[in-house]
Amino acid sequence: MTPALVTLLTDFGTADAYVGEVKGAILTAAPGAYIVDVTHDIPPQDVESGRLALARYWRRFPEQTVHLAVVDPGVGAARAALAVAAAGRSLVGPDNGVLSPALLAPDARVVALPIPPTAAPTFHARDVFAPAAAALALGADVESLGTAYASPVIHRTPEPERWRDGTLRGEVIAVDRFGNAITNFLALRDGTVEVAGEVLTLVRTYADAPPGAVVALCGSSGLLEIAQRDGHAARTLGIGRGTSVLFRPTTE
């Protein structure tokens, strides 16, 4: 059979051979597998960035896709290694919250993978997750790869806080490579955004702002973003993950 598509998300970068070793392990076990590099530029050990990136794309690939997501500062420690089946797709990765988007699916099935005695304690991506991803790509059921696991680590994006006057208090949850500060507000309209002492207007798209202006808009993820036309909003405002953001709705 033709192996299913396999995607890769890691914090390995591409300067070293780590990604190549993972691909080699997959292709050795599942020759002909088609591998998609989603990103290897997650900041080192930044599980939260990995989680948010995975949330954006894992359902956008066709059913039967296998997602390997490894941002694993606890590699070799007591944390479990997981395989997950959810929404017609399969995922493998460490039990540290990076797989949360799939673990939150109502039909999620989760197993803990065995750690072979020959696995390098510092490279489970190659020696544990890649073989599991290959087996899934060849049609193995998740349950055949390990033992049922009832309490995986799940991280959730915090909900904004609503004040009595209707103001919403949220926060920046990520900054992308363009300097857009992504917040935990779902798409909002008819109001103003306050951050770092600035009051920002809402626009539809980046081009609606004059060059250099800092504005707020609904990004492609459906979340409110703080952006600077032709600039880097996070650097300009001195903001980052955890920075408080207020949304004040327009009052009649």
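**The largest pocket and its surroundings**

Guide: In this predicted model, α2 gives the most to the lining of the largest pocket, contributing seven residues. The space in that pocket comes to about 1300 Å³, and of the 43 residues that line the pocket, those closest to its centre are L52, A53, A55, R56 and I182. Two or more lining residues come from each of β2 (35-39), α2 (47-57), α3 (100-103), β9 (168-175), β10 (181-186) and β14 (223-228). Sorted by class, the lining holds 22 nonpolar, nine polar and 12 charged residues.

T167 counts as buried because its relative accessibility is 3%, below the 20% cut-off. The side chain of T167 makes a polar contact with that of R248, at 3.0 Å, and, leaving aside residues up to four places away in sequence, T167 touches E161, R162, L246, F247, R248 and P249.

A further element to consider is strand β5 (residues 89-94), where six of the six residues are buried, so the strand is largely enclosed by the rest of the structure. Strand β3 (residues 66-70) runs parallel to β5 and is joined to it by three bridges, with V66 opposite S90. Strand β4 (residues 81-86) pairs with β5 in the antiparallel sense over six bridges, and here A86 stands opposite R89. β4 and β5 form a hairpin with two residues between them, and A87, in the turn, has a positive phi of about 50°.

Conventions
Residues are numbered from 1 along each chain as its sequence is written. This is a predicted model: local features need pLDDT of at least 70, side-chain atom pairs count only at pLDDT 80 or more; totals for chains, interfaces and linings use all residues. Side-chain values use heavy atoms; hydrogens and water are left out. On a 1 Å grid over the protein atoms alone, a cavity is a set of points where a 1.4 Å probe fits but cannot get out, and a pocket is an open set with protein on both sides within 12 Å along at least five of seven lines; lining residues have an atom within 4 Å of a point. Grid points are joined across faces, edges and corners, and a volume is the space filled by probe spheres set on the points. Helices (H or I, at least four residues) and strands (E, at least two) are DSSP runs, numbered from the N terminus. Ala, Val, Leu, Ile, Met, Phe, Trp, Tyr, Cys and Pro count as nonpolar, Asp, Glu, Lys and Arg as charged, and the others, Gly among them, as polar. Buried means under 20% relative accessible area, exposed over 50%, partly exposed in between (1.4 Å probe, protein chains only). A polar contact is a pair of N or O atoms within 3.5 Å; within protein, one must be able to donate a hydrogen and the other to accept it, and residues adjacent in sequence count only if both atoms are side-chain atoms. Contact means heavy atoms within 4.5 Å. Two strands pair if DSSP finds at least two bridges between them.
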